[in-house]
Amino acid sequence: MKNSTKLDVDLFENLKLELRRGCLIVAVLAQLRQEHYGYTLRKALDDLGLAIDEGTLYPLLRRLETQGLLASEWREENKRNKRFYRLSRQGELILQQLLQEWQTINVSLGRILQEA
Amino acid sequence: MELLDRYLQAVRFWLPRKQQDDIIAELGDDLRSQIEEREASLGRPLNEDELVALLKQAGHPLWVAGRYQKQQALIGPVLFPLYSFVLKIVALGYLVPWFLVWIVLTVFMPSHRAVNPALALIGRWGSLWTNTIIIFGSVTLAFAILERVQSAVSALQQWDPRKLPRMARPKDRVSRVESVFGLVFSIVFIVWWLSLSRYGHVIFGPIASFFSLNPALRAWYLPVLAPTCIIALQQCVNLLRPQWTWFRAVAMFLADSVALVIFIPVSKIHPYLLPVGSANLDAQHTQALATLNQVLSWSILCVIVGICIAAIVHAYQIVRELRRMSKGSRNGAAKPASQTL
């Protein structure tokens, strides 16, 4: 019984991770329509109810930058060098498409849940 | 802040060399910002325990650095099912026969046991594991290379659904054609075997005038036919009741068991061939006799291994039939009694 509960928890955590993965990308891209550095981005997302740890955020930012969706530059602020990120032109286009896809999925899911 | 620097140094060690400075500067800034914010809310510097808790929350250095690495798998999800299938085939084709041969040699060949039994056993197991590791390693290496070049493998890109294998038909009947041919073959074998005692000299030609069977083997001459008779009976029954697939599995397993009961004592009779009468053989014939006896000895051992494998397969078929029958009864399938009895 205890094992089955643990399995259920593990299964839920895995599924939640899969569900969050795509959502986090959209959230980060959307939030970076305004310039942020890593820490303030994390704070902003957290304040809006989407907590993301540094071990997930920074590798994601690097991947999105490598893919050309983000642009970054090092600047000094509060006597410390910080890396500022913002959405690139290509990132804006992709974000629009992703948001459109998100809306479609959301509407479909709403219909499916209503039917159920 | 020494603890923080040690943490960042540990993370740096596992990072890709070209990105180390960049990543550490960014990660360090984030952690320092967290510390400053916490200190501002507490109104005092963090103590060591609080700093430890913060770093533990950030994650183990290896885990943190690992997130920056490109996701890689030695064998990816596309090739993994094929890799797993090949390993199973290798295991069945090498390990199982090796194990059976080893058991047969150890049980039936006193000479095999006699030479340093403990050391021989350790040596043989050692060679088994060495070979197993080499084979498994080679297969893994081959698939790892294939994984790197799989985008260039045209078979995965260009394929035609029409060339996929046909649907396997569920074997719910024993083919009558199979039963008829099997029965004919069994009868021919029985007739041939019975004719050996009378026409052996014709069948074996000039050998029969020099060598004869060990008299101890004569006791097994007729019993050797028992497994064939059981199979012939099964073929007759399945000719009339082809839906009794379970009967074939049971009869085959019974035939295997009887064959083992016969061949195990037969394997211990040595030599199988003796010179005819008390004639003195010349060197050439003596050598031929020794070779023939050796060949027969190894052949009988191979037959025993083959029967063991067949017995395992037939036992598995019985289990499968039982499962199928219980599944059928659970599903409430209205099978006629003739199909299940």
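Predicted model: local features only at pLDDT ≥ 70, side-chain atom pairs only at ≥ 80, totals over all residues.
We begin with the strands of chain A. Strand S2, residues 70-77, pairs with S3(A) in the antiparallel sense, and eight bridges connect the two. One of the bridged residues is Arg75(A), whose partner in S3(A) is Lys82(A). S2(A) and S3(A) form a hairpin with two residues between them. In the turn, Asn78(A) has a positive phi of about 50°. S3(A), residues 80-87, also runs antiparallel to strand S1(A), residues 36-37, to which two bridges join it. Here Tyr37(A) has Phe84(A) as its bridge partner.

Next comes the meeting of the chains. In chain A, 12 residues are in contact with 12 residues of chain B. Helix H2 (38-47), helix H3 (54-66) and S3 of chain A each supply at least two residues of this side of chain A. The largest share, six residues, comes from H3(A). Sorted by class, the side of chain A that touches chain B has three nonpolar, four polar and five charged residues.

Two packed helices are described by the angle between their axes and the distance between the axes. For H10(B), residues 226-240, and H11(B), residues 245-267, the angle is about 170° and the axes are 8 Å apart. An angle over 145 degrees counts as roughly antiparallel, so H10(B) and H11(B) are roughly antiparallel to each other. Residues making the contact include Ile230(B) and Leu233(B) of H10(B) and Leu254(B) and Val258(B) of H11(B). By class, this contact of H10(B) with H11(B) has 13 nonpolar, two polar and one charged residues.

Notes
Residues numbered from 1 in each chain as written. Chains lettered and ligands numbered in written order. Pairing = 2+ DSSP bridges. Helix = DSSP H or I, 4+ residues; strand = E, 2+ residues; numbered from the N terminus. Contact = placed C-beta atoms within 7 Å. Nonpolar A, V, L, I, M, F, W, Y, C, P; charged D, E, K, R; others polar. Axes fitted to C-alpha atoms, helices over the stretch in contact; angles between N-to-C directions. Parallel < 35°, antiparallel > 145°, perpendicular 65-115°, else oblique.
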